[in-house]
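Please look over the sequence and the model below, and keep both in view while reading the notes that come after them.

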Amino acid sequence: MRVLLAEDDERLSRVIRRVLEQEGFTVETAANGASAVSLATASPPDVLVLDVMLPVMTGTQVARVLREGGSRVPILMLTALAEVHDRVAGLDAGADDYLPKPFAFEELLARLRALLRRGGASTEQTSLRAGVLEMDLLRHTARLDGAPLELTPTEFRLLETLARQPGRVFTRAGLVEQVWGYTFDGNVSIVETYVSYLRVKLRGPGAPRIRTVRGVGYALEHP
């Protein structure tokens, strides 16, 4: 498995690279955001480990540029930023998971394995359909009854998760884990917020609806 590690702290980059290579990964490194975009575009890795505070382009900017360009490489964001809104900004830009610094290498490896499992499953399908909703998973675009449906990266991931298994009831904690990618900490209100965003956008004849299962979670239903 190929890992692209974008980290400007040379010492930390060397240590992470050594740990990953000991686990059998092939590692390529980038010291700034522009290099990370160039390398990830020219030869997409299996997973991207991306520091937030990179020179030239921030990690958040890198994630956004890659997602807007259609890249679906799993992204693990490394961040020393403690504020929730900083982490949310990275996830909304297209990151799949985040790991706060300092971190244990055992957790880094576990999160990478989880991302690779999810990434491997996602390659089996390139599109999804639910009623008049169409989702192109490669281009990261959606259409509703033929018209473009504007979705943020997080809205797209949430809708994709629900649309992959229509009718299945997902718990709020399960959606936090699958969509936001971080360990459930008891705060699931963010799921309700993003479901409300999607409901506003999924309107019209033939559009699927997100059903609330009281005390459990949510399910996507065909019209």
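The notes below cover aromatic pairs and then a pocket.

This is a predicted model, in which local features need pLDDT of at least 70 and side-chain atom pairs count only at pLDDT 80 or more, while totals for chains, interfaces and linings use all residues. Residues are numbered from 1 along each chain as its sequence is written, and side-chain values use heavy atoms, with hydrogens and water left out.

**Aromatic pairs**

- The structure holds two aromatic pairs, where rings of Phe, Tyr and Trp (its six-membered ring) pair if their centres lie within 6.5 Å, and planes under 30 degrees apart count as stacked, over 60 as edge-to-face and the rest as tilted.
- Phe103 and Phe105 form an edge-to-face pair, with 5.8 Å from centre to centre and 90 degrees between the planes.
- Phe103 is buried at 17% relative accessible area, whereas Phe105 is partly exposed at 27%; buried means under 20%, exposed over 50% and partly exposed in between, with a 1.4 Å probe and protein chains only.
- Tyr194 and Tyr197 are also edge-to-face, at 5.1 Å centre to centre and 75 degrees between the planes.
- Tyr194 and Tyr197 are about one helical turn apart, because they lie three residues apart in helix 8 (residues 189-201), a helix being a DSSP run of H or I of at least four residues, numbered from the N terminus.
- Tyr194 is buried at 9% relative accessible area, while Tyr197 is partly exposed at 39%.

**A pocket**

- The second largest pocket holds about 330 Å³ of space; on a 1 Å grid over the protein atoms alone, a pocket is an open set of points where a 1.4 Å probe fits, with protein on both sides within 12 Å along at least five of seven lines, and its volume is the space filled by probe spheres set on the points, which are joined across faces, edges and corners.
- Of the 16 residues that line this pocket, those closest to its centre are His140, Thr141, Leu149, Glu150 and Leu151, and a lining residue has an atom within 4 Å of a point.

Methods:
Helix = DSSP H or I, 4+ residues; strand = E, 2+ residues; numbered from the N terminus.
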